[in-house]
Amino acid sequence: MSRSPVRDFVVGLFVLAGLGAIAYLSMNVGNFSFRKDGGLVLFASFDETGGLKARAPVVIAGVKVGQVTSITLDQNARARVDLDLDKNLKIPTDTSASIVTSGILGDRYISLQLGGESEMLKPGEEISFTESAVILERLIGKLIHNTDTAPAKTENP
């Protein structure tokens, strides 16, 4: 069987296309991007992040508008979350940020509920209205341990 340069070239292109597809899917699954879409950096402080991770999405009305860039502790031992949002967004000063879960046991993300103020947040400012994550284990523990097990009172005749 003789070697065919055309066949070798086609096989090489096929292999390169496969490697390119694997690289694209890897970056897409990891939310990696070469372009910088953000520009509006805001901060929010939470008492409990509940497993929120860096690169978690930030959404408004179910539409992804940015991502979490980092989570650190502030001087009051609260979680300080840095948000990198689309630079074209206009975020009112009375906007609230909540850490929510996609599904029952899904990943955590930040949901922004826009307020009605006419004044807008500027880059580097903090979202003052926040709602921490609800920890399902703590909620179940409170339900189990705070049930009323005292016997019912009876009146003496």
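Visitor: Is Phe46 buried or exposed?

Guide: In this predicted model, Phe46 counts as buried, because its relative accessibility is 0%. The cut-off for buried is under 20% relative accessible area. Phe46 sits in strand β1.

Visitor: Which residues does Phe46 touch, beyond those up to four places away in sequence?

Guide: Phe46 touches Arg78, Ala79, Val81, Ala97, Ile99, Ile110, Thr130, Glu131 and Ser132.

Visitor: How should I read nonpolar residues that lie inside a protein?

Guide: In soluble globular proteins, nonpolar side chains tend to be buried together. Here the largest nonpolar core has 21 residues, and those touching the most other members are Val58, Val68, Leu83, Leu85, Ile110, Leu112 and Ile127.

Visitor: Which elements give two or more residues to this core?

Guide: They are β1, β2 (57–60), β3 (63–73), β4 (79–85), β5 (96–101) and β6 (108–113). Strand β1 gives the most, with 4 residues.

Visitor: What does Val68 touch, not counting residues up to four places away in sequence?

Guide: The contacts of Val68 are Leu52, Lys53, Ala54, Arg55, Ala56, Val58, Val81, Asp82, Leu83 and Ile110.

Visitor: Where is Ala97 found?

Guide: Ala97 is in strand β5. Ala97 counts as buried because its relative accessibility is 0%. Its contacts, apart from residues up to four places away in sequence, are Phe46, Ile110, Ser111, Leu112, Gln113, Ile127, Phe129, Thr130 and Glu131.

Visitor: What share of the residues counts as buried?

Guide: Of 157 residues, 25% count as buried. The accessible surface is about 11,500 Å², and 59% of that area belongs to carbon and sulfur atoms.

Visitor: How is empty space found?

Guide: Rolling a probe the size of a water molecule over the atoms shows where empty space is left. In this structure the second largest pocket has a volume of about 250 Å³. Its lining has 13 residues, with Lys53, Ala56, Pro57, Asp107 and Arg108 nearest the centre. By class, the lining is made up of 4 nonpolar, 5 polar and 4 charged residues.

Visitor: What should I look for in the backbone angles?

Guide: Most residues other than glycine have a negative phi, and most peptide bonds are trans. Arg55 has a positive phi, near 75°, and lies in the loop between β1 and β2. Ala61 also has a positive phi, near 55°, and is found in the loop between β2 and β3.

Visitor: What is the relative accessible area of Arg55, and what is that of Ala61?

Guide: Arg55 is partly exposed, because its relative accessible area is 45%. Ala61 is exposed, with a value of 77%.

Conventions: Residues numbered from 1 in each chain as written. Predicted model: local features only at pLDDT ≥ 70, side-chain atom pairs only at ≥ 80, totals over all residues. Heavy atoms only, no water. Buried < 20%, exposed > 50% of the residue type's maximum accessible area, 1.4 Å probe, protein only. Areas by Shrake-Rupley, 256 points an atom, 1.4 Å probe, with all protein chains shown as cover. Contact = heavy atoms within 4.5 Å. 1 Å grid on protein atoms, 1.4 Å probe; cavity = no way out; pocket = protein on both sides within 12 Å on 5 of 7 lines; lining within 4 Å. Points joined across faces, edges and corners; volume = space filled by probe spheres on them. Nonpolar A, V, L, I, M, F, W, Y, C, P; charged D, E, K, R; others polar. Core = buried A, V, L, I, M, F, W, Y, C linked by side-chain atoms within 4.5 Å.
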